[in-house]
Amino acid sequence: MVSEVKIVSGQGIPLIGNDIDTDRIIPARFLRCVTFDGLGEHAFADDRKALNGQHAFDQAKYQSANILIVNRNFGCGSSREHAPQAIAKWGINLLIGESFAEIFFGNCVAIGIPCLTADADTTQKLQEILTANPQTVITVNLETMQVQCGNLTATVSMSEGARNMFISGSWDACGQLVSQGKQIKETAGKLPYINWSLATV
Amino acid sequence: MSKGTLFDKVWDLHTVGILPSGQTQLFIGLHLIHEVTSPQAFAMLRERGLKVMFPERTVATVDHIVPTTNQARPFVDILAEEMMQSLEKNCQDNGIKFHNIGSGNQGIVHVIAPEQGLTQPGMTIACGDSHTSTHGAFGAIAFGIGTSQVRDVLASQTLSLSKLKVRKIEVNGSLKSGVYAKDVVLHIIRTLGVKGGVGYAYEFAGTTFEQMSMEERMTVCNMSIEGGARCGYVNPDKVTYEYLKGKDFAPKGENWDKAVAWWESLRSNESAEYDDVVVFDAADIPPTITWGITPSQGIGIDQFVPTSEQLPEEDRFVAQEAYQYMDLAPGQAIKGTKIDVCFIGSCTNGRISDLREAAKVAKGRHVANSVKAFVVPGSERVKKEAEAEGLHQIFQEAGFEWREPGCSMCLAMNPDKLEDRQISASSSNRNFKGRQGSASGRTLLMSPAMVAAAAIKGEVSDVRDLLN
């Protein structure tokens, strides 16, 4: 389950707005499910309906995009992983934004989707380029932490730990965590509450 | 870098090691699961041939999808029934304790764990639900996670995380009459913004929080995430210990004394260093209500919807979106806004003290004709306690519906929903577009007492006019 993420390239899709929450990314009624299958078609369902075909996710020119450009505090609210899953299943495999909500960011890491931050000026310029010329290719390099789009070259950032996970292909931490069984039990053994707070069936 | 805070101490005690990525592998003392964010996690475990490493440290309940009227099985909603069956089977197959409907212990996950004494100071607590921050009220480090992380906790009882910074939010003084814990947290979020807390744990300190009950502290910590902070906490004290003593899973006998001594040692040191400190005066906090589409778009009950010019430049974009969606004009008074639906409940305000405060307002009065009002206790225990006190009668005589426990219209994954453009006065935590089940439905967040006042008057009202 290891796969390195170093360079992501492709077409971009601009989604303008601050504080876009996970209820908007995937409304709660679509969480009535036991798998993540089929969530892609419901990404931004209510926003898309309200905009009557004018939402970026509905515009023909962005249908082959794989890089989503957002603004401030994207993915705030509920911890539902259904939100990044819906975006991923729609076709996105990297996001650039001014800032991301923390749980959303962590959920994206866990499914192998980098969320990179850039300053407000850069995200706005990227959105402008993609609005004017939807076919412009974007290339993001996680080793040099640079984004290149048309004539624009800019710096992007990400916490060092998360970046290392993508570059080394260890963003799926499960195997690594499980392999520390002995140390986990030692840590648990030192916690005073471990024996007085059992919830046995 | 913070030093000597409760957050630092609990983080260090639970650190298993540093992963090659540089992130911390953190042990999770208590894992709570529910029907929405766990089925895929169990499926991932099965795909990888992994087992639950510490089944006794995971506790399950069902809350988001349960109907609050007819709870007979199978549920009318076949998708909800499928989720329910999936949770029942996963718990049974993996030896996980499940508090099912009718057990007497079912309820909203963030209500039942504290009331059973599962939530304790000094623990790390994770749950696939952003309002897990609630449990920080006990001096636990508690935060929401996604489904892949639920898988990680099931498989290893640990998570891969980056350490947070710590901001101390100090509020001092006594709250004025008609001002509740909900107003305090709405005021904090209104001041610091919805993303002000990103990257931080919030330590709520000062005399205002010291004077609060555990349930009030839970209301405040619950909404930390609405300010962007993944977790929020209050240092444990006598109020915490009094609440915990005698609860089902609280330590007993000599373990109790050992526990209290340990909990005391975890409190932030007098000399603790914080990454940031913000100070508020309780006297400045009015009954607070949101007017927009994010929890930071709040104002005092006597104030007016802010004009674009009154807002910082960076907040104007969302404000424009909010004026349009809410159909509220800049400069308009919030008081007097007509209300269609009143909802009292949720993990923010569905506990017994919340129902008592709302009942004080409802007693001897009647819900306005134009309003549909309902009360949803946070758990089966809360419901039982409320009925023993006769609160259900007060509500019913006043024209409120009295429902079965669940998340209800907070997020409307169940039959409780707004319709079309309806506007609700809600004691829940989120006023996002479409949050309460209608893509064009509107939500005004406020304290449960203010919701009761809105129900009686049929419009946004100042609860202080109805007290005494």
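This short talk walks through the chains, their contact and a few individual residues.

Hi everyone. A word on ground rules: this is a predicted model, where local features need pLDDT of at least 70, side-chain atom pairs count only at pLDDT 80 or more, and totals for chains, interfaces and linings use all residues. Residues are numbered from 1 along each chain as its sequence is written, while chains are lettered from A and ligands numbered from 1 in the order in which they are written.

Let's begin with chain A. You'll find eight helices and seven strands there; helices (H or I, at least four residues) and strands (E, at least two) are DSSP runs, numbered from the N terminus. The C-alpha trace of chain A spans about 60 × 40 × 25 Å along its principal axes. Of the 201 residues in chain A, 49% are buried. Here buried means that 20 or more other C-beta atoms lie within 10 Å of a residue's own, exposed means 12 or fewer, and partly exposed is in between, with C-beta atoms placed from the backbone.

Now, where do the two chains meet? The contact takes 59 residues from chain A and 74 residues from chain B. Two residues are in contact if their C-beta atoms, placed from the backbone, lie within 7 Å. On the chain A side, the elements giving two or more residues are α1 (22-25), α2 (45-50), α4 (102-110), α6 (160-168), α7 (174-178) and α8 (181-190). That side divides into 26 nonpolar, 20 polar and 13 charged residues. For those classes, Ala, Val, Leu, Ile, Met, Phe, Trp, Tyr, Cys and Pro count as nonpolar, Asp, Glu, Lys and Arg as charged, and the others, Gly among them, as polar.

Leaving out residues up to four places away in sequence, A:Glu102 touches B:Val198, B:Gly199 and B:Arg230. Is A:Glu102 buried or exposed? It counts as buried, because 26 other C-beta atoms lie within 10 Å.

Over to chain B. Its domain assignment gives domain 1 (6-161), domain 2 (165-244 + 259-284) and domain 3 (288-465); such bounds come from an automatic or database domain assignment. The centres of domain 2 and domain 3 of chain B, taken over C-alpha atoms, are separated by 23 Å. Between them, 17 residues of domain 2 are in contact with 20 residues of domain 3. On the domain 2 side, α6(B) gives the most, with six residues. By class, that side has five nonpolar, seven polar and five charged residues.

Also in chain B, have a look at B:Ala60, which sits in strand β4 (residues 58-61). B:Ala60 is buried because it has 22 other C-beta atoms within 10 Å.

Finally, some backbone geometry. Most residues other than glycine have a negative phi, and most peptide bonds are trans. A cis peptide bond, with omega about -10°, joins B:Arg73 and B:Pro74, and B:Pro74 lies in the loop between β4 and α3 (78-94) of chain B. A:Phe44, which is not a glycine, has a positive phi near 60° and lies in the loop between α1 and α2 of chain A. B:Ser346, likewise not a glycine, has a positive phi of about 90° and is found in helix α12 (residues 346-349) of chain B.
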